[in-house]
Each structure stands twice: as C-alpha cells, then as structure tokens.
Amino acid sequence: MARKLAAGNWKMNGTTAALAEVAALTAAIGDATCEVLLCPPATLISRMADMAQGSHLMVGGQTCHPNGSGAHTGDISAAMLADAGATHVILGHSERRADHGETDEAVAAQAGAAIEAGLIAVICVGETEAERDADVTLNVVSSQLAGSVPEGTDLSHVVIAYEPVWAIGTGRTPTLEQIAEVHDHMRADLAERFGNGAHDIPLLYGGSVKPSNAAEIFAVSNVDGALVGGASLKAADFSGIVSTLSAA
C-alpha cells in the first residue's frame, strides 16, 4: 500500500512573514500519521527546513533544472535544493508546462536529476478543460505518465499528482467518479509498466482541495493524499486537511 502524503504548494507566494504559518503548522501536525510536505518559494526553503527540524514537516522545492550546474541564470539544481534542506521537488506542474513550455521529456530529465540528488520527485499530470470536454483525459494522462516518469527510476523516490488543470484555483473539482476513474487508470498504467512496485507509488489528487471536501476525496479509490495549493498557505486550513488524511 502506498504511503499517505499531504503536500502543499505555495507557488509564488510567501515572504519571511509567512513563516509564522509554518510554526503554527508544525505545532498542529505533531500527531499526524501521514507524511506532510510544504513546497515554498526557493527563497524560503532553507529557513523553513531549519524550522521544520525535529517536527513531522518535510520541505520541498517547486522545480529544478535537469543539469547539476552551469550557465543557467535564474535556475536551481536538484543538488542545490537538497543542500538547502529540501527532501522533495514538484515537477511538471501545469503552470510550469504552460508558462515555461516544459515538455514531458523535460520533466523526465528533471525527475532523473532530482532522484539522483536524493530528492523525491512529485511528478504532476492532468488535462485541460478542452481535453476533458473532448473526452481524451485518460489518453492525456497516460501520455504524460509515459513521457514524464523516467525509465529505470527508483520508485521509492516517485510521487504522482493528478491535477486537472481546469480545477486548479477555480473552486471547481471533478466528480468523485471522475477522480476515481483517473486514479484507477494511473495505477493500472504504472503497474503495467513497473509491476508490483507501482502499488507503492503515492497518487495524489490536486485541484481546489480544502478541509470541507478532503474527506470525500481521500475516500476515493487509489487516492493516497493531496497536492494542495491555496489552502496550504494557512496553517489552520492545511492542518485540517492533514488531520483528515491521517484519519482516512
């Protein structure tokens, strides 16, 4: 059975003042039975990791470059994230794919670099509203999984997050049946490719997850946790999601 993970993506939000939420969160999740991860902007990783020491909280990055070093102004390598105290990194988020043109091939290269650096790669997949309306969701997700998860990878260092693009930050969520269909399909795809080890890969759902809908989402087949956006910015909201996952 896959381990349970509640992951928060702060995106381009948070300055030093926001670290007060981290102090509140570490206090609130002391008895959590699931894994808990926050991925802040790179400027906060080191300080957040210092604050998280001795607590249940892990810290991650939001992207990394496939190369270990070099003339890549503004980029950050997986080794740099690890050096700052990160244990995970989000890769292939729809906003990176849309805003920076990241392809499946690029995401696979990033994932390989992350795993080589000892990080756990949280690889994101998901369809746009047009793709959902065209009834090609499962084809899109299969293609992204096939292209974004590198061959010969250490499956213990892989997490998959399904985020329908049209549900991110919109307040809209797919039906529970739609979530189950995609998560069951992803598990089957991964099992066909990787065998029994695929059952240990956590499959997260993301897209307007909040305390009020977390319980019903975590009860869905093959949903092992969540990748949370806006609700992860406030300790009260995110700790509520963590508590719900711990009890699921």
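1. A residue is called buried here when its relative accessible area is under 20%. By that criterion strand E2, which spans residues 35-39 of this predicted model, is mostly covered, since four of its five residues are buried.

2. Strand E1 (residues 5-9) runs parallel to E2, and five bridges join the two strands. Within this pairing, Gly-8 has Leu-38 of E2 as its bridge partner, and Ala-6 stands opposite Val-36 of E2. Between E1 and E2 the chain passes through helix H1 (residues 19-28), and the β-α-β crossover made in this way is right-handed.

3. E2 also pairs with strand E3 (residues 57-61), again in the parallel sense, over three bridges. Leu-37 is found opposite Met-58 of E3 in this pairing. Together with helix H2 (residues 42-52), the strands E2 and E3 form a β-α-β unit that is right-handed.

4. For E1 itself, five of its five residues are buried, and the covering applies to both of its faces: Leu-5, Ala-7 and Asn-9 are buried on one side, while Ala-6 and Gly-8 are buried on the other. Besides its pairing with E2, E1 pairs with strand E8 in the parallel sense over four bridges, and there Ala-7 stands opposite Leu-227 of E8.

5. Helix H9 (residues 211-218) has as its buried residues Asn-213, Ala-214, Ile-217 and Phe-218. When the helix is viewed down its axis, these buried residues fall within an arc of 135°, and they therefore line one face of H9.

6. If its neighbours within four places in sequence are left aside, His-183 is in contact with Tyr-162, with Leu-203, Leu-204 and Tyr-205, and with Ser-221, Asn-222 and Val-223.

Key. Residues are numbered from 1 along each chain as its sequence is written. This is a predicted model: local features need pLDDT of at least 70, side-chain atom pairs count only at pLDDT 80 or more; totals for chains, interfaces and linings use all residues. Side-chain values use heavy atoms; hydrogens and water are left out. Buried means under 20% relative accessible area, exposed over 50%, partly exposed in between (1.4 Å probe, protein chains only). The arc is that of the directions from the helix axis to the C-beta atoms. Contact means heavy atoms within 4.5 Å. Two strands pair if DSSP finds at least two bridges between them. A crossover is right-handed if, with the strands pointing away from the viewer, the path from the first strand over the helix to the second runs clockwise.
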